[in-house]
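Reader: Please take a close look at a single part of this model and describe the packing there. Then set that part against the rest of the chain, with the cut-offs stated as you go.

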Amino acid sequence: MSRFVDKLSFFDRRSSPMEEAEDIPRNGFLHMHHHQQQPHHSGLLMQPQPSPPTKQTSFTLAQLLKRVNDARSDASSPTSSPSNSHYTIELGASVPGSTTSELSEHMHAVGRGEDGPLLPFVLKFTDLTYSVKQRKKGSCLPALPFRSGEVPQPEAPRMKTLLYNISGEAREGEIMAVLGASGSGKSTLIDALANRIVKESLHGSVTLNGESLDSNLLKVISAYVMQDDLLYPMLTVEETLMFAAEFRLPRSLPTKEKKKRVQALIDQLGLRGPANTIIGDEGHRGVSGGERRRVSIGVDIIHDPIVLFLDEPTSGLDSTSAFMVVKVLQRIAQSGSVVVMSIHQPSYRILGLLDRLLFLSRGQTVYYGPPSALPSFFLDFGKPIPDNENPTEFALDLVKELETMPDGARDLVEHNKSWQKRLGPKMKHTDGHGEKPSLSLKEAISVSISRGKLVSGATDVSTVVVPSEKSSPGGAVSKFANPFWIEMGVLTRRAFINTKRTPEIFVIRLAAVLITGFILATIFWRLNDSPKGVQERLGFFAIAMSTMFYTCSDALPVFLNERYIFLRETAYNAYRRSSYVLSHTIVGFPSLIVLSFAFALTTFFAVGLDGGAEGFFFFVAIVLASFWAGSGFATFLSGVVTNEMLGYPVVVSTLAYFLLFSGFFITRDRIPRYWIWFHYLSLVKYPYQAVMQNEFSDPGRCFVRGVQMFDNTPLAALPAALKVRVLRAMSTSLGVDIGTNTCITTGPDFLAQQAVTDLTKWDCLWITVAWGFLFRILFYIALLLGSRNKRR
């Protein structure tokens, strides 16, 4: 083992002062002074001492912990003793009402002793077990009876265990890596620790500093970096991180300080070069894969979370990029965070950055401990690691080989259990930490806030309330860092930037509306007031209003493209779902106004519709209301369906049904009673009736005069003179003078014939607007119910 450690010099994680100086500070918050003290005043943390009026140096939490550990190391040297020196931490960014003195006294009491330094945060998980129901495979037909002599095959178990009694702990300042082959349960374990599995399905306990984690509290002190890089492609690296800072950091923090924090994070992540480069996607060239991965991590650590979960952060990266990512994670851990990550196969260099390894095989633990103990573990198992071979590669190959055996990796699982019982306590004592008790959860969080971490937007330690069993979980912590109007403003600004940088989307929509309007204008050019003109007007109105809704189907992919970004950001309370819905509405509305005027100007005057200026603006209003309702309907469906292939058939077929029951093909009084409810649910009904009444509501306007009553009948083929003679004969028979200029049918008469007199045009307008609001409320409910983001 010693020979192996000598070869892997990177297992020594003690950095030089020059290396520590290269770490990017997180906005001060900590100042450290060295004082001489009498022997009877031993302790780790004391009350802040008055500092001289000289310029002080700020330290990161990683630097502070290193100085403290160095002080302990120096205390054992002949030139110093633990009784003549101590370190005092000054909270340079302390705020009124902080409980620093109480925390100092407690930490002084707990830290008394020489077994090891204090552990502010310890994430411990015990006997985690997770099973899922397994669907039956095969035909849906009932099973046939067995033939004589045929041996029945055993049925597969209905429950499949993905995690089986997994235990371990992750500590502040360390990286715990979960390893295993594909399907071993790595991502499932990360989800279990991150509270992404419903409590009813997960058995076991997950505690932080010995206290069960409330779901709301975990969301505000932790972050989860998904395996996929879910970022807006048209935003630059700096803009992406700045928007994350505006979501995560509280309103009380000045914008100047937020920018400083973003710039420091850019330097820490090694993104100074591509800071002004867009993220990019398949159609736009942007940053590299490793840089995109580091941006994804930066988005989730901008608020300096206490616990950081990462699912395969090095997946798809080359060796150098993967090492840089894990190096960043090491700095994050050393700054006072608990880092838990899953990784498939770390290289030699990455292995040197990891502190704890947890190997899984089909949901069971086959090894748990530090990387340096791997050689002795497998030597004790009878499978020594060859020289110059990566220990993790050897372990993964061995586990894969064992899994092909009938008993699987059972022997290795049992060996790990016995090895933990024999050597586990000894390793805990010799790994530099000992069995020291940690702070209570509330006190540890308060210390972290005092040191610069912004938990739930709190900058005052007195505002931290950790949920207890007796307290209500909902009012224990503030879920969001900012009020909803701040979130809505930031979301709206981000969406406008994305829209501005993708003008082709709006241009295509505008072109589609203009082309549609041009075609309708040329087909229905200057319609007259004859019966044929009336019928043509009906066709124009039906096609025009239904086209408005079909055109709005392009709103379907807007949210579908952002769906997983939305899920990632709202899973840990970056902003409220209501803020997203409101900003989504605000951003989309100006384009609807432009499209409405474009369509109205193209068609209203060319077709020769009635009403003058008042009629024109009402036509614009009802077209806008149609766009509003149609986009709301498509937006609602985008919150229900999961992809465009499912969404478009639903939109197209539903709009076809709306047109069928709108009253154009069959009037309201002719629709069967069992379908009349669909008539009132039709989105096309109300705009169609509104434009009909806007066109035919004038009683002084006549559409059928004299012999025009024979149009659209077999008598229309008669000569004009014969039509006049028939008209005179009818007048004589009826005793009513009907001349060639006598008005037979006015606009209101025609409305009565079409059965569109149940509502006024203004009623139809407001109902259409109400539909738009209703669909957006339903969209919000769909997001509320469909974005739990938890396994069952």
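Author: Buried means under 20% relative accessible area, exposed over 50%, and partly exposed in between (1.4 Å probe, protein chains only). The model is predicted, so local features need pLDDT of at least 70 and side-chain atom pairs count only at pLDDT 80 or more, while totals for chains, interfaces and linings use all residues. Residues are numbered from 1 along each chain as its sequence is written, and side-chain values use heavy atoms, with hydrogens and water left out.

Helices (H or I, at least four residues) and strands (E, at least two) are DSSP runs numbered from the N terminus. H21 covers residues 612–640 and H24 covers residues 685–696. Their axes come within 10 Å and cross at roughly 175°; axes are lines fitted to C-alpha atoms, for helices over the stretch in contact, with angles from 0 to 180 degrees between N-to-C directions. That crossing makes H21 roughly antiparallel to H24 (over 145 degrees; under 35 is roughly parallel, 65 to 115 roughly perpendicular, the rest oblique).

On the H21 side, the residues in contact (heavy atoms within 4.5 Å) are Gly-615, Phe-618, Phe-619, Ile-622 and Ser-626. They meet Pro-687, Ala-690, Val-691 and Asn-694 in H24. The residues of this contact divide into six nonpolar, three polar and no charged. Here Ala, Val, Leu, Ile, Met, Phe, Trp, Tyr, Cys and Pro count as nonpolar, Asp, Glu, Lys and Arg as charged, and the others, Gly among them, as polar.

Ser-626 belongs to H21 and counts as buried because its relative accessibility is 0%. A polar atom of the Ser-626 side chain lies 2.8 Å from the backbone oxygen of Ile-622. Not counting residues up to four places away in sequence, Ser-626 touches Met-545, Met-548, Phe-549, Cys-552, Pro-687 and Thr-768.

Phe-750 sits in helix H26, residues 747–753, and is buried at a relative accessible area of 6%. Phe-750 and Phe-696 are 54 residues apart in sequence, yet their C-alpha atoms are 7.4 Å apart in space. Leaving aside neighbours within four places in sequence, Phe-750 is in contact with Val-534, Gln-535, Leu-538, Met-692, Phe-696 and Thr-745.

As for the rest of the chain, its secondary structure comes to 27 helices and 14 strands. Of its 792 residues, 51% count as buried. Among contacts between residues at least 6 apart in sequence, 81% join residues at least 24 apart.

Six bridges join E3 (residues 122–133) to E6 (residues 202–208), and Thr-126 stands opposite Ser-205 in E6.

Two loop residues complete the description. Asn-209, in the loop between E6 and E7, has a positive phi of about 55° although it is not a glycine; Asn-209 is buried at 10% relative accessible area. Arg-362 lies in the loop between E11 (356–361) and E12 (364–369), with a positive phi near 50°. At 52% relative accessibility, Arg-362 counts as exposed.

Methods. Pairing = 2+ DSSP bridges. Polar contact = N/O pair within 3.5 Å; in protein donor to acceptor, adjacent residues only side chain to side chain.
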